[in-house]
Every structure is written in structure tokens, then in C-alpha cells.
Amino acid sequence: MEPPVIELSHVRKMYRGRVEALRGISLQVPKGCVFGLLGPNGAGKSTLVKILTTIIRATECRGIMLGHPVGHKPTLKRVGYLPEHVRFPEYLTGAQVIDFSAGLAGVSPRRLKVRKGELLERVKMSEWQRRKVSTYSKGMKQRIGIAQALVNDPEVVFLDEPTDGVDPEGRRDIRNLVRELRDEGRTVFINTHLLTELEQVADRVGILSKGRLVREGTLEELTAAQRQYELRTQGPIPPGLAERLRAGGATTGGNTVTIDAQGPEPMQPVIDLLRSEEIMIRSMHEKRLSLEELFLEAVQDGPGDGEGGAR
Ligand SMILES: Nc1ncnc2c1ncn2[C@@H]1O[C@H](COP(=O)(O)OP(=O)(O)O)[C@@H](O)[C@H]1O
Ligand SMILES: [Mg+2]
């Protein structure tokens, strides 16, 4: 198996003024995945990404990215970055923003010539490339921001709150682009406080709360633990029958029966019972704890300011 692209252990960051933004983060990000770091504002997401992109230094950090210790500047040639709340100079055009970051990244003019057109096309900004940033909507600024993050053909791309202030269509475009980047073999690291952004696109999710990683795993792993089956009937379930179902461990609503189960088997006797009473069944489906429910639970019962490691 290929080594992880990012491997961190016990990363801590204490800002001046004694804000402990990260309290011992250990994390592995496999190659070619979309990793979503989810957490409320102030959890420490941007701090972690700034450490990985060498913008700030950790108070304590044992970590490797792309085979080099975290903080190794030359590694940044292989990394793309869209900062949070990025503001490009308003007097530049979109195309000039890309030129500028190509310059910073040391992309040769020849390579840039080919790449720029592709990138602008990719983020659907070709038509707007000669307009000034001052005329762009928030969504357009983010599109240009993503294009500039890809200018050096990076192996790892950090997107810090990429959909912040972007309309639904723009968010969908960003999701599709993220999937494409992953399919090209790149590793995409997304910071967000918006769960819905990750649910559809992340392969792995880490939940950060008060500087600690309180959950980490594939969406499947994180949400499989609490699986339910819900059955809906055409009309209301008669009270006597509902009582029998509850006695058997089910939860009943007006026309729903829900049971906690890892597979559909335990629902079969329920179906038999309902059918024997000639109740019409309309649907049955598997319900998982949504990422949102999981997130709220993790952030609520996550470790507070006391001692305690990542689980
Ligand atoms: N430059 C700084 N100086 C002092 N405290 C900071 C600085 N930057 C961030 N913080 C604090 O560190 C914590 C984590 O912030 P941040 O990493 O931006 O969180 P997130 O990106 O999850 O919203 C917050 O309490 C924030 O106020
Ligand atoms: Mg942030």
C-alpha cells in the first residue's frame, strides 16, 4: 500500500495570547482521497491547514507530507492552496490572478500558457477572465481561487471553506470539480463547517472540535454504527397493532415503523404481521445517522478542555 500523503502525530498549536488552537492532532490522509475536515468555527481547521502549508509553525509537530517533514518549503511545489476568505487584488483580472500565482509557484510561462486556458475552462471562468476581480461575485472569486490553487498541477490540494458564500449551482460545480481532481489521483483536503458539502463528496471525514479530532473515518464507518430501517404504511397503523410492534422493540409513528438493525432481516416479521392484518405497505428504507446528526453528537460529547486524546 502506498504511504499516506499526510501523516501527523501530536500536532499542537498554541497561539500567542495562550489560545490553544490544536491540542494533539494525529491523522493520516491516504493518497487519492477527498478528506473533509469538519468542525464549527474556531475548531482549529484553518490552523491545521496553515501548518501544513508552512504559513505558521506548530508549537509541536511530528508530521510528514508527501514524504517530507511538515514545514519543508520545497514540498509546496507539489501543493495547491485556496485560503479561507481569500482576497485577490481587486484591480487584477481573473487571468492575472492565475498568472500571479503561477509566478509564485514557479510555473514556467510555457507550461502556464497551456494550463491557464484549461483551468479557466475547468472552473467556467473563460468568459470572465479579462474582467477585473472587483466585478466578480463571491462565487466567481472562489472559482478563480480554485483555478489558482491548481496552477502548479498539485498532488495535494487544500481548499479552506471553498463553498463559503457560493450559490447552490456554484457549490455543485465545486463538488464535481473536487471529484474530478480525486479521479485524477490528487488528494483533496477540504475544510468546512458545512456538513452537506462533505456528505456528497468526501471519502474520509475528520471531525474537529476545540482543537481535537473527535471522530475520523470513512463516511460509511462513521454512519454505519447507527443504522435503522423505516417502514411506511399506506394508512395509519391501528393502535392495538402499534402496541404489539412496540412490544417487539419497534418505534411506531402514525404510519411508520422504525427498528434499529444492521440488516433488513428483523423487519421481516413486522412486514408479516402488518400484511396478516391487511395493512398496505408503501415503502421500506434503510436510514443512517446523517453526518449532521453524527457531527452534532460528536461536537456535543467531544472532549472539552480537559485531557483526553482523539478517539
Ligand atoms: N493568529 C491567531 N492568533 C491567536 N489566535 C488565533 C489566531 N488564529 C486563530 N486563532 C484562534 O485559534 C482557534 C482556531 O482558529 P481557526 O483555526 O481559524 O479555526 P477554524 O478554521 O476551525 O474556524 C480559534 O480560537 C481562533 O480564535
Ligand atoms: Mg477556518
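Reader: What makes strand E2 and helix H1 suppliers of the shell around ligand 1?

Author: This is a predicted model. A residue counts as near the ligand if its C-beta atom, placed from the backbone, lies within 6 Å of it. E2 (19-29) and H1 (45-52) each supply at least two such residues. The shell includes Val 19 and Ala 21, and also Lys 45, Ser 46 and Thr 47. H1 gives the largest share, three residues.

Reader: How many residues of that shell are nonpolar, polar and charged?

Author: Four are nonpolar, seven polar and one charged. Gly is counted as polar, and the shell includes Gly 17, Gly 39, Gly 42 and Gly 44.

Reader: How do you know that E1 and E2 pair?

Author: Pairing needs at least two bridges found by DSSP. Strand E1 (residues 6-15) and E2 have eight, in the antiparallel sense, so they pair by that definition. Arg 12 stands opposite Arg 23 in E2. H1 packs on this sheet, touching E1, E2 and strand E4 (60-65), and its direction makes about 115 degrees with that of E1.

Reader: Why is the sheet called open?

Author: Its four strands run in the order E2-E1-E4-E5, with antiparallel pairing. E2 and strand E5 (68-69) stand at the edges with a single partner strand each, so one side of each has no neighbour in the sheet.

Reader: What makes the residues of E6 buried?

Author: Buried requires 20 or more other C-beta atoms within 10 Å of the residue's own. Val 79 and Tyr 81, pointing one way from E6 (residues 79-82), are buried, as are Gly 80 and Leu 82, pointing the other way. E6 runs parallel to strand E7 (residues 156-160), joined by four bridges.

Definitions and conventions:
Residues numbered from 1 in each chain as written. Chains lettered and ligands numbered in written order. Predicted model: local features only at pLDDT ≥ 70, side-chain atom pairs only at ≥ 80, totals over all residues. Buried ≥ 20, exposed ≤ 12 C-beta atoms within 10 Å, placed from the backbone. Contact = placed C-beta atoms within 7 Å. Axes fitted to C-alpha atoms, helices over the stretch in contact; angles between N-to-C directions.
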